Amino acid sequence: GVVGVIGPWNYPAFTPMGSIGHALAAGNAVLLKPAELTPLTALRLGELALEAGLPEGLLQILPGAGPVVGERFVTHPDVRKVVFTGSPAVGAQVMAGCSEQVKRVTLELGGKSANVVFADADLERAAADTVKRVLPVRTPVDWTREPDLQRLRAFTEVKTVWHPVGS
């Protein structure tokens with residue numbers, strides 16, 4: 001069959017590669033619609049796939065606007081599965097569209113980089129390390145300095161989502 005993969009802007013190569021690899025390994029062709037902000041990364045992936053020996057046409061890159069290209073993935077009957085990474089609002093639209101054909105859909109929506117921090121962990125270090133890993137390039141601050149940790153505290157909030165022994 002055909003799998004439509006709609007990739008995100010923030011990890012335009014890494015995130016779609018898992019879906020592409022799984023789909024190809026299962027014998028499917030893949031259409032990759034990159035985020036509108038990062039089409040060149042996906043186009044290069046297509047070139048590298050051909051250089052690596054992937055048959056022409058098995059992985060096709062289709063840059064374009066989400067409401068045009070992405071919507072065709074959802075509505076076209078030959079696309080048997082859609083993989084979408086992005087916002088919950090758009091993901092809900094993708095899911096609703098796929099449900100009309102009872103089309104398979106995989107969604108990775110909203111929030112990112114959840115962490116499990118144990119009760120005996122150094123919370124300040126865990127918070128600083130999390131921010132460094134999530135925003136390694138876009139954050140021009142030193143998270144080991146006290147003034148920057150104060151800024152971090154203003155943006156973070158600890159929530160207990162689930163506790164193994166109860167609350």
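The protein chain exposes about 11,200 Å², and carbon and sulfur atoms supply 60% of it. Accessible areas come from the Shrake-Rupley method with a 1.4 Å probe; for residues, only the protein chains shown count as cover. The model is predicted: local features need pLDDT of at least 70, side-chain atom pairs count only at pLDDT 80 or more, and totals for chains, interfaces and linings use all residues. Residues are numbered from 1 along each chain as its sequence is written, and side-chain values use heavy atoms, with hydrogens and water left out.

Of the 167 residues in the protein chain, 30% are buried. Buried means under 20% relative accessible area, exposed over 50%, and partly exposed in between (1.4 Å probe, protein chains only). Contacts between residues at least 6 apart in sequence were also examined; 61% of them join residues at least 24 apart. Contact means heavy atoms within 4.5 Å.

The secondary structure comes to six helices and five strands. Helices (H or I, at least four residues) and strands (E, at least two) are DSSP runs, numbered from the N terminus. Along the sequence, the pattern is β-α-β-α-β-α-β-α-β-α-α.

The five strands form an open sheet with parallel pairing, in the order 3-2-1-4-5. Strand 3 (59-61) and strand 5 stand at the edges, each with a single partner strand, so one side of each has no neighbour in the sheet. Neighbouring strands are turned by 15° against each other on average, direction ignored. Two strands pair if DSSP finds at least two bridges between them. Strand 4 (residues 79-86) pairs with strand 5 in the parallel sense over six bridges. Here Val82 stands opposite Val105 in strand 5.

Helix 4 packs on the sheet and touches strand 4 and strand 5. The direction of helix 4 makes about 175° with that of strand 5. Axes are lines fitted to C-alpha atoms, for helices over the stretch in contact, and angles run from 0 to 180 degrees between N-to-C directions. Helix 1 (residues 14-25) lies across strand 1 (2-6), strand 2 (29-33), strand 3, strand 4 and strand 5. Helix 1 runs at about 165° to strand 2.

Helix 3 (residues 66-75) has buried residues Val69, Gly70, Phe73 and Val74. These fall within an arc of 145° seen down the helix axis, so they line one face of helix 3. The arc is that of the directions from the helix axis to the C-beta atoms. An α-helix has 3.6 residues a turn, so residues three or four places apart point the same way. The buried residues of helix 3 pack against strand 1, strand 2, strand 4 and helix 4. On the other side of helix 3, Pro67 and Val68 are exposed.

The largest nonpolar core has eleven residues: Val3, Val5, Ile20, Ala23, Val30, Leu32, Ala42, Ala49, Leu59, Ile61 and Val83. A nonpolar core is a set of buried Ala, Val, Leu, Ile, Met, Phe, Trp, Tyr and Cys residues joined through side-chain atoms within 4.5 Å. Strand 1, helix 1, strand 2, helix 2 (39-51) and strand 3 are the elements that give two or more residues to this core. A second, separate core has ten residues, including Ile6, Leu31, Val74 and Val79. Ala42 touches Leu32, Pro34 and Ile61, not counting residues up to four places away in sequence.

Val83 lies in strand 4. Val83 is buried, with a relative accessible area of 9%. Leaving aside neighbours within four places in sequence, Val83 is in contact with Val3, Gly4, Val5, Ile6, Ser19 and Thr106. Val83 and Pro16 are 67 residues apart along the chain, and their C-alpha atoms are separated by 8.6 Å.

Thr85 is also found in strand 4. Its relative accessible area is 15%, so Thr85 counts as buried. Thr85 touches Ile6, Gly7, Pro8, Thr15 and Glu108, not counting residues up to four places away in sequence.

Thr130 is found in helix 5 (residues 123-134). Thr130 is partly exposed, with a relative accessible area of 23%. Thr130 and Asn115 are 15 residues apart in sequence and 7.9 Å apart in space, C-alpha to C-alpha.

Val102 is placed in the loop between helix 4 (88-99) and strand 5 (104-109). Val102 counts as exposed because its relative accessibility is 74%. Phi of Val102 is near 50°, a positive value in a residue other than glycine. Most residues other than glycine have a negative phi.
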